[in-house]
Amino acid sequence: MLRPRFPFREEVFGGILYDTRTEDYFHLNPSAFSLLKFLDAHDLPEAVPDAVQKALEEFREQGLVQDRSDGGRMLRGKLIHDRPRVLSAPTIVEVYPNFTCNERCEFCYVGTEVESALPEDTIPRAKIPVIADKLARAGVFNVTLLGGEPFLYRSLDVLIEELARQNLDVSLSTNGTILNGIFLEAVAKYDVKLNVALHGPDAETHNAITRSDSFSKVLRFIEACSSHGISPHVTTVMHPKNESGIDDVVGLVSKLGITSMTVSYPQPSSYTKARGATVPFSKYAAVFRRAFDAGRKVSVKVRGNCHYNFLLREYGSGFDTNNPLSEFLYGDKAGRSRLEMTPSGDLYPTSTVFGRQEFKVANLFSDDLLDAWANSPVLQHIRDRDLPVACQDCGHHDVCGGGIIGERLADNEWDLPPEDCPVLNEE
């Protein structure tokens, strides 16, 4: 029986399909969405029109449909509005089960929350099924677990299991300092995309950036992942202390048997700036390209992580600016395709404004997520805002969305362009 291979959902303009392997999103025109919806619910008749047969062959070639008879539905969510410039629901929700952490990374964009966190400020175990159910019903595709350090959350295995049970794609970022076999078993069992932080090629560099004695712990953690059958991804956040050694980081990643890593741009939050952990995009781009070239030599796929990645010709996958979804998925996703959730269930467009009630979108436990997503005044303000004058004539503004809005949003500086805009800074 021919069935959709990946989850998809309806939008005013047709639909979105989410490839769980690559974490990429694809636009479905109304006809393509209707065909996938039919295949999701019915058996294909023996005789079909030639046009339908041709479309099915194209879907097969693209790997979007496959023969399966498990009956699992791939259609997600419910469309409750008719506005083409607003997605039916967020594509991703970043969940912070806790803010407690055993490191104090200089680049941490939730550093203030980490430094003031209390051990009891965690998601209650009893609320976990509610979280998984509400996110799945809304049509969210991916849930990314962040922190703090998620491995310090005592119910992490339960959270992973409940999210996976609802067929949500789960990603998890850890500092790799805490070996918990039960949690690693859950990661392996439910095919969680595990990301491990490694910020230098040696203990001196890594420990200076994280302000902890953790380098050897990370190496042991990665070794334990291998014994559990887990192939982790590594992220190195760009920092003035590690930029000169990026080639050596790539070499270490290769020696550890890891085939993919990300060189991440540090968000210019007030916490990061106060600790001298920011770098200009031009510097980031140069270091990323060095890492990209070094990775090709040792079969390590190096990716970038920055709101301006569409300016990096080497980046390739994931940033096709001709994609009709680019205006939602690139640049700063806050309020356009992403929400972030604190341990209390409060939802915000971005972590920069955590705890600021004037920027709170809703509470997942007490409010309707779809209604809040469509009608929240905070999100409408973000989506409908006039771009700064300096941005209006820029050829990238559709995919950029006005750059990293976190600090501008927090400071109510809506009329100013992002301070780290590489186009303006280059000019």
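Ten strands form an open sheet with mixed pairing, in the order E13-E12-E11-E10-E9-E8-E7-E14-E15-E16. Its edge strands are E13 (301-305) and E16 (362-363), each of which pairs on one side only. The model is a predicted one. A further open sheet, of four strands, has the order E4-E3-E2-E6 and also mixed pairing.

- Strands E11 (residues 233-237) and E12 (residues 260-264) pair in the parallel sense, over four bridges.
- Within this part of the sheet, valine 234 is placed opposite methionine 261 of E12.
- Helix H5 (residues 156-165) lies across strands E8 (142-145) and E9 (169-174), and runs at about 170° to E8.
- Helix H8 (residues 215-227) lies across E9, E10 (193-197) and E11, with an angle of about 160° to E10.

**Aspartate 346**

- Strand E15, which covers residues 346-348, contains aspartate 346.
- The relative accessibility of aspartate 346 is 11%, so this residue counts as buried, the cut-off being under 20%.
- The side chain of aspartate 346 makes a polar contact of 3.2 Å with the side chain of lysine 360.
- Apart from neighbours within four places in sequence, aspartate 346 is in contact with Glu340, Met341, Lys360, Ala362 and Asn363.

**The sheet of four strands**

- In the order E4-E3-E2-E6, strands E4 (24-28) and E6 (75-76) stand at the edges; each has a single partner strand, so one side of each is left without a neighbour in the sheet.
- Strand E2 (residues 8-11) pairs with E6 in the parallel sense, over two bridges.
- Phenylalanine 8 stands opposite leucine 75, a residue of E6.
- Helix H1 (residues 30-41) lies across E2, E3 (14-19), E4 and E6, and its direction is at about 135° to E2.

**The chain as a whole**

- The chain has 18 helices and 16 strands.
- Its radius of gyration is 21 Å, close to the 22 Å given by the globule rule for 427 residues, so the chain is as compact as a globular protein of that length.
- The C-alpha trace spans about 65 × 55 × 45 Å along its principal axes.
- Of the 427 residues in the chain, 56% are buried.
- Among contacts in the chain with a separation of 6 or more, 69% are between residues 24 or more positions apart.
- The accessible surface of the chain is about 18800 Å², and 47% of this surface belongs to carbon and sulfur atoms.

Definitions and conventions. Residues numbered from 1 in each chain as written. Predicted model: local features only at pLDDT ≥ 70, side-chain atom pairs only at ≥ 80, totals over all residues. Heavy atoms only, no water. Pairing = 2+ DSSP bridges. Contact = heavy atoms within 4.5 Å. Axes fitted to C-alpha atoms, helices over the stretch in contact; angles between N-to-C directions. Buried < 20%, exposed > 50% of the residue type's maximum accessible area, 1.4 Å probe, protein only. Polar contact = N/O pair within 3.5 Å; in protein donor to acceptor, adjacent residues only side chain to side chain. Rg over C-alpha atoms; globule rule 2.2 N^0.38 Å. Areas by Shrake-Rupley, 256 points an atom, 1.4 Å probe, with all protein chains shown as cover.
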